[in-house]
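I opened this entry to keep a record of what I looked up, and in what order. The notes follow the coordinates shown below.

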Amino acid sequence: MNNIISNCPLCEEHSLHLIGQEDSQMMQCLNCGYTSTSKFIGKKETNEEYSKLTEDMKNWSKEFNGRIWIPTMLTLPIGMLYPFDDDNGDMKWRFAEMVDIPEEEQKNYPVPGDTEHYYKQRYDVDNAKEYDEFFEGMVELNSRLKEEANG
Ligand SMILES: [Zn+2]
């Protein structure tokens, strides 16, 4: 897999990772957290993928260089990094850790469409840490991944 790093058109940092080939290329900025794929080429008014986004995602997305850019949502086994609006309506980032659900509480977390199974873990969004910048959240995420790898 080729992985080229380029300048991000949004934040202008040299941290835009180009992953994959042209027709299915993904662009991911590890500084500002914006991402775009070949499906997001075009304008908001006419782009089909854009029309499928949630209202929040639509509000956060940006048009630039003939593409639509949306903020990254990372859902990993150790935690979730995701955007939110602060009290001033500015997009910030949160990192929610994956936590174990105590056995007696698991009945409160049914698996959708499945009456016999319950979630054993969840993202602890109530105690999420907040960051002004995406890369700060990535630093946290990476240190958690390292801890995990070291047992
Ligand atoms: Zn960027």
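Against which strands do the buried residues of α3 pack? I looked this up in what is a predicted model, and found that they pack against β3, β7 (74–76), β8 (79–85), β9 and β11 (129–131).

I then listed the buried residues of α3, which are Phe-134, Gly-137, Met-138, Glu-140, Leu-141 and Arg-144. They cover an arc of only 160° around the axis, so they lie on the same side of α3. On the face of α3 turned away from this buried side I noted the exposed residues Val-139, Lys-146, Glu-147 and Ala-149. I also checked the length of the helix: at 1.5 Å a residue, the 16 residues of α3 should span 22 Å, and the end C-alpha atoms are 22 Å apart, which agrees. After α3 comes Gly-151, for which I read a positive phi, near 75°.

Next I turned to the largest nonpolar core, which has 24 residues, and in which Leu-16, Tyr-34 and Leu-53 touch the most other members. At least two residues of this core come from each of β2 (16–19), β3 (26–29), α2 (55–60), β6 (67–71), β9 (91–100) and α3 (134–149). For Leu-53 I looked up the contacts beyond its neighbours within four places in sequence, and these are with Phe-40, Lys-58 and Ile-70. As a general remark, nonpolar side chains tend to be buried together in soluble globular proteins.

I moved on to the metal site, where the zinc ion is coordinated at 2.3 Å by the SG atoms of Cys-8, Cys-11, Cys-29 and Cys-32. The spacing of these donor residues in sequence is C-x2-C-x17-C-x2-C. The angles among the four donor atoms run from 106 to 116°, and the site is tetrahedral; for comparison, the ideal angle for four tetrahedral donors is 109.5 degrees.

Last, I noted the overall figures. The protein has three helices and eleven strands, and from the N terminus on its elements run β-β-β-β-α-α-β-β-β-β-β-β-β-α. Its C-alpha atoms fill a box of roughly 50 × 40 × 35 Å along the principal axes, and buried residues make up 37% of its 151 residues. Of the contacts with a separation of 6 or more, 40% are between residues 24 or more positions apart.

Terms used. Residues numbered from 1 in each chain as written. Predicted model: local features only at pLDDT ≥ 70, side-chain atom pairs only at ≥ 80, totals over all residues. Heavy atoms only, no water. Donors = N, O, S within 2.8 Å, 3.2 Å for Na, K, Ca; no water. Tetrahedral: all angles 85-135°; square planar, octahedral: opposite > 155°, others 65-115°. Core = buried A, V, L, I, M, F, W, Y, C linked by side-chain atoms within 4.5 Å. Buried < 20%, exposed > 50% of the residue type's maximum accessible area, 1.4 Å probe, protein only. Helix = DSSP H or I, 4+ residues; strand = E, 2+ residues; numbered from the N terminus. Contact = heavy atoms within 4.5 Å. Expected span 1.5 Å × (residues − 1). Arc of directions from axis to C-beta.
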